[in-house]
Every structure is written in C-alpha cells, then in structure tokens.
Amino acid sequence: MSPSGAEVLRQIKSRIDEVDPAVVREQIDNGAVVIDVRETDEWSAGHLPGAKHVPKSYIETRIEGAAPDRSQHVILYCQSGNRSAWAARTLLEDLGYEHVESMTGGITLWKDRGYEVEVPRTLTAEQRERYSRHLLLPEVGIEGQQKLLDAKVLLLGAGGLGSPAALYLAAAGVGTLGIVDDDVVDLSNLQRQVIHSSERIGVSKVDSAEETIAALNPDVKVQKHALRLGPENIMEVLPGYDIVVDGLDNFPTRYLLNDASVRLQIPVVSAAILGFEGQLSVFKPYDGPCYRCLFPVPPPAELAPSCGANGVLGVLPGTMGLLQATEVVKLILGEGEPLIGRLLMYDALAARFTEVKVRRDPDCPICAREPEAISDEEMGVFPDYEAFCAGAH
Amino acid sequence: MLRPAVGGEKELTADGGSVAEILESVAASHPDTRSQLFSADGDLNRYVNVYLNDEDVRVLEGLDTAVGADDTLVILPAMAGGAL
C-alpha cells in the first residue's frame with residue numbers, strides 16, 4: 001500500500017532542513033532570499049517583510065525569477081510549514097538548489113511570536129474598475145498604478161497648459177496634484193482653459209480646478225498654492241513634489257524655476273506656446289541639460305513675446321499640455337524614452353513635429369555645479385534681470 | 001518673433017555654403033531679422049539657437065559649420081508663453 005500523505009510529508013521533512021522563525025528573522029538581514037509559497041489571496045493578507053511571492057504550484061517555473069543563483073540561501077515558508085517543505089524538496093532534489101530551508105510553523109508561528117508582517121497595498125474594487133485600462137497595460141499594471149497614486153506632481157498654473165495636463169493626470173490617478181495659481185477665472189480664459197467653466201468666472205483658479213478634479217477622480221488630493229511663484233516662496237513650494245509641470249508665462253520665473261529645480265533635483269516637464277506653435281522638453285537635473293543649457297539668456301524684452309498679450313490657438317495648449325502629461329506619466333512609471341536632451345517643436349498649421357538635440361553645457365552656470373552650491377541669491381538671476389520685461393514680474 | 005520680420009514666412013530657402021552665409025543671406029533679404037539673429041559684434045545672439053538638421057551648430061563649428069544642399073537649418077527662439 002502506498003504511504004499516506006502525512007507519511008510522505010514526514011519523510012520529506014526528515015530529508016530537508018527546517019529553520020525556526022527566530023533564525024529566519026536574522027537570516028533576512030544576512031541576505032537570504034525568503035519566499036512565500038502560498039496562494040495569492042494568502043500573500044495579500046500579509047507576508048514576511050521583504051519576502052518574495054512564488055506560489056507552490058508555480059515553484060518550478062518561477063523560482064529563477066526570485067532566486068536566480070542556485071547556490072544562494074533560500075528560505076521557504078507557507079501558512080504552517082507543510083507546503084514549504086514540499087516546495088523545498090522540489091528545489092533541492094529536482095532543481096539543484098544547494099541551500100534551501102523551510103520555516104517551521106509557517107507564518108502562523110511567525111505571527112504567534114509577534115514578529116512584523118507586511119500587508120501589501122492593493123487597489124480597491126472601485127480602483128480596479130476605474131484604472132482597468134491601465135491595469136491591462138504591462139507597462140502600467142497594479143505596480144505602475146500604485147506609482148501613479150503615490151506620485152506628487154506640481155502644476156505651475158491652472159491655465160492653458162495646466163488645465164489639460166491637470167485633467168488627464170487626475171484621470172490617470174496621479175495621487176497628489178499641486179496647483180500654483182493666484183489668478184481668478186476670466187471669460188477670456190475659457191477658450192482654452194478647459195478645467196474651468198462659465199459658472200466659475202470670478203472664482204479663484206485653484207478652487208475651480210480643485211472642484212473639477214474632485215468631480216473627476218476622488219482618489220486625487222489637490223494641494224492649492226494660491227500665490228505667484230517668486231524667489232520669496234519657490235523653496236517653500238517645490239520641496240516634496242516629484243515632478244514639476246511648467247506652463248509659466250514669463251522668462252524670469254522660468255529661470256527661477258530652473259535654478260530651484262536643479263538645486264532640489266526635481267525634473268521639470270516644460271512647454272511653451274505662442275500662436276500656432278509649441279515647444280516641449282524635459283529637464284531632468286544632472287541626467288540631461290537644464291533650461292539654462294538650452295537658453296543661457298532670455299531674449300531682450302522687446303523680442304520676448306510672452307511680455308505682451310499674444311494670441312494663441314485655443315486647441316494648441318491642449319495638445320502641448322497633454323504631451324506634458326504624457327511625459328509626466330512616463331517619468332512616474334519609468335517607462336519609454338523621456339524627452340530628456342531633446343526639444344520637440346510643434347507647428348499646428350503645418351501639422352509638423354520637429355525634434356532637435358539639447359546638450360548639457362559643461363560650463364552651465366547652474367547645472368555644471370553641485371546642487372548645494374547654488375545659493376538663494378543667484379537663483380533666477382540673469383544679466384539685466386531688473387530691466388527685463390517690466391510687466392512679467 | 002522672427003516670423004513677422006520675414007513677412008510671415010515659416011520656411012525660407014537661402015543660398016550659402018555655411019551657417020553664417022545662409023543667415024547672412026536671410027538678414028540681407030529680410031533686414032529686420034539681423035538684430036534678432038546677430039549681436040553687435042556679429043556673433044549669433046545667445047538667446048537664439050540654430051540647428052543644422054537636429055544638431056546645435058554651437059557643438060558643430062558654429063557659424064562656420066558647412067551646410068549642404070539637402071540640409072535644413074532650424075532657428076529656435078526662446079518662448080515662454082503658457083497662455084495664463
């Protein structure tokens with residue numbers, strides 16, 4: 001008669017090494033790979049800190065992803081120590097792993113000892129539905145969606161560029177959106193600033209944007225900065241954000257932002273628009289050029305079209321703002337080729353994109369230096385700063 | 001900002017074997033562009049970037065960079081409009 005399951009298990013346990021949870025706790029810090037071999041729902045309810053998850057039914061096919069080196073120390077555990085014993089035998093006898101142990105008593109004994117358990121974050125049922133089209137993309141998935149929900153993005157302006165960027169970043173589930181704007185909604189804004197509406201004329205733009213975002217996606221927290229960005233407040237506003245979306249309307253603040261973002265090492269997704277044309281680039285400090293590498297000095301005021309009232313095709317900031325939002329999402333996910341060291345020009349009338357290379361300037365007055373060497377006094381300063389564009393600041 | 005100076009044209013065809021010759025030819029036929037492109041001492045203004053195809057001429061040979069018949073020069077002025 002064949003031996004019973006319990007008898008086989010007893011035999012297996014006699015052939016493998018078992019290890020007490022107290023020892024496992026020490027071994028985690030010594031570089032052992034700890035693998036949870038339970039089912040996904042058991043793993044989701046809580047697991048050992050730093051453990052990897054390879055269900056027992058997939059142990060033969062997936063173990064190499066978790067422990068590629070057959071000579072490394074591998075500790076398996078399950079709920080009570082039985083399934084991990086079977087799995088340990090598989091690794092030792094079938095797959096040639098040299099140093100495998102099974103944790104005695106499983107996670108049940110671990111918990112009884114009062115040791116720490118890590119509960120993996122999961123999406124709620126509503127979030128799984130809301131972001132289902134993201135979850136289907138291998139480049140996003142649950143992990144990517146968590147990154148989006150954890151991300152903090154600062155939008156400079158809830159205007160032409162900031163409106164579409166904020167809407168789509170909110171829809172995508174970017175968890176914290178900061179908005180800097182000291183303006184109120186004006187009728188002439190509504191031709192392009194789609195986050196606002198006719199009923200909100202006269203309402204502050206940060207309040208109006210917050211209301212629209214709240215209606216679109218309750219997952220998003222809006223941090224309102226009802227102020228005009230300047231040297232006196234930039235170092236209070238920027239820290240804590242992962243990425244800045246620059247839609248600023250004047251040169252002095254663009255240089256100030258550049259210098260502060262290099263100092264704080266925060267990437268800036270920058271766009272500018274005029275008439276039917278747009279420019280877009282990503283300035284990631286020390287990974288690529290900064291704004292001063294591209295334009296060491298601003299044009300003189302009489303040639304700086306941002307200083308006066310200029311026309312813009314209402315759709316254009318939509319196009320450019322969404323290209324910015326796309327770059328932001330790519331940076332958060334760490335996917336694709338970000339527009340670092342490249343500048344994209346879009347000519348709406350010609351329906352043409354042109355791309356040029358942007359190099360780091362080895363003599364850049366800002367990013368050729370260490371971030372901590374950049375002082376408050378020199379941030380945003382360039383020759384003739386005082387004479388520049390009186391209306392801009 | 002350069003476009004009004006060339007009568008609204010987006011693309012110009014100019015003769016010349018170097019970046020300097022081509023920009024000079026543009027400035028000669030559209031005098032308003034001269035002060036925008038060149039500083040008083042004849043160098044390219046630092047707030048205007050010129051690219052031969054996709055490469056900044058400053059990392060090539062500047063105004064002396066040779067230009068072939070099939071090459072495109074892109075003039076990129078700094079813009080700061082965010083349509084606030």
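## Starting points

Helices (H or I, at least four residues) and strands (E, at least two) are DSSP runs, numbered from the N terminus. Chain A has 15 helices and 13 strands.

Residues are numbered from 1 along each chain as its sequence is written, while chains are lettered from A and ligands numbered from 1 in the order in which they are written. This is a predicted model, in which local features need pLDDT of at least 70 and side-chain atom pairs count only at pLDDT 80 or more, while totals for chains, interfaces and linings use all residues.

## How confident is the model?

The predictor's confidence in each residue is called pLDDT, and it runs from 0 to 100. Chain A averages a pLDDT of 92, and 95% of its residues score at least 70. For chain B the average is 84, with 86% of the residues scoring at least 70. In chain B, confidence is lowest in helix α2 (residues 34–37), at a mean of 87, and highest in β2(B), at 94. For the complex, the predictor gives an ipTM of 0.88 and a pTM of 0.78.

One stretch calls for care: over residues 389–393 of chain A, pLDDT stays under 50. Where pLDDT is low, the predicted coordinates should not be read in detail. The model has 14 contacts beyond four places in sequence for residues 389–393 of chain A; two residues are in contact if their C-beta atoms, placed from the backbone, lie within 7 Å.

## The overall form of the two chains

Chain A has a radius of gyration of 28 Å, well over the 21 Å that the globule rule gives for 393 residues, so chain A is more spread out than a compact globule. The radius is taken over C-alpha atoms, and the globule rule is 2.2 Å times the number of residues to the power 0.38. Along the principal axes, the C-alpha atoms of chain A fill a box of roughly 95 × 50 × 40 Å.

Buried residues make up 41% of the 393 residues in chain A and 30% of the 84 residues in chain B. A residue is buried if 20 or more other C-beta atoms lie within 10 Å of its own, exposed if 12 or fewer, and partly exposed in between, with C-beta atoms placed from the backbone. Among contacts in chain A between residues at least 6 apart in sequence, 70% join residues at least 24 apart. In chain B, residues 24 or more positions apart account for 49% of the contacts with a separation of 6 or more.

## A parallel sheet in chain A

Five strands of chain A form an open sheet in the order β1-β5-β4-β2-β3, and the pairing is parallel. Two strands pair if DSSP finds at least two bridges between them. At the edges stand β1 (17–19) and β3 (52–53) of chain A, each with a single partner strand, so one side of each is left without a neighbour in the sheet. β1(A) pairs with β5 (residues 99–103) of chain A over 3 bridges, and A:D17 has A:E101 in β5(A) as its bridge partner. Helix α5 (residues 83–94) of chain A packs on the sheet, touching β4 (73–77) and β5 of chain A, and its direction makes about 175 degrees with that of β5(A). Axes here are lines fitted to C-alpha atoms, for helices over the stretch in contact, and angles run from 0 to 180 degrees between N-to-C directions.

Next, look at β2 (residues 33–36) of chain A. This strand is covered on both faces: A:V33 and A:I35 on one side and A:V34 and A:D36 on the other are all buried. β2(A) joins β4(A) over 4 parallel bridges and β3(A) over 2. A:I35 stands opposite A:L76 in β4(A) and opposite A:K52 in β3(A).

## Where the chains meet

20 residues of chain B are in contact with 34 residues of chain A. On the side of chain B that touches chain A, the elements giving two or more residues are β2 (55–56) and β3 (73–77) of chain B. β3(B) gives the most, with 3 residues.
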